[in-house]
Amino acid sequence: MFGREKQEMDNLKQRLQRVSLNPSKPDVLQWRWTGDGIFSVKSAYGQWELLTHSSNALIGSLWKNLGPPKVEIFAWMAVKERTATRMVEH
């Protein structure tokens, strides 16, 4: 494992040690970020956006249909520094 993966594994192990199971209570799958507990892509994206980009106004405005989808995707990749570029030597 890489350093970050080992750190994540250790973090997971610590979290799992704090979990206690109750055999008399049935398991329930519930999405915590909606009132009804049902997962939706919209709620997941909203939560992700809040957690990762709430302070960046540029990213918030990227997906407002201001341009064609390919332009929005390129802008998103540029913000994330994931555009395919190469250096040309003269």
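Of the 90 residues of the protein, 10% count as buried (under 20% relative accessible area, with exposed meaning over 50% and partly exposed in between, for a 1.4 Å probe and protein chains only). The model is predicted: local features need pLDDT of at least 70, side-chain atom pairs count only at pLDDT 80 or more, and totals for chains, interfaces and linings use all residues. Residues are numbered from 1 along each chain as its sequence is written, and side-chain values use heavy atoms, with hydrogens and water left out.

The secondary structure consists of 4 helices and 0 strands (DSSP runs, H or I of at least four residues for helices and E of at least two for strands, numbered from the N terminus). The pattern along the sequence is α-α-α-α. Of the contacts (heavy atoms within 4.5 Å) between residues at least 6 apart in sequence, 6% join residues at least 24 apart.

Helix H2 spans residues 41-53 and includes Ser43. Ser43 is buried, at a relative accessible area of 13%. With residues up to four places away in sequence not counted, Ser43 touches Trp31, Trp33 and Thr34.

The accessible surface of the protein is about 8800 Å² (Shrake-Rupley method, 1.4 Å probe; for residues, only the protein chains shown count as cover), and 58% of this surface belongs to carbon and sulfur atoms. A nonpolar patch on the surface is formed by Met1, Met9, Leu12, Leu16, Val19 and Leu21, which together have about 670 Å² of accessible area. Patches are made of residues with over 30% relative accessible area and no salt bridge, where like charges are joined within 9 Å and nonpolar side chains (Val, Leu, Ile, Met, Phe, Trp, Tyr) within 5 Å; a salt bridge is a side-chain nitrogen of Lys or Arg within 4 Å of a carboxyl oxygen of Asp or Glu. Met9 lies in helix H1, residues 3-17, and counts as partly exposed because its relative accessibility is 33%.
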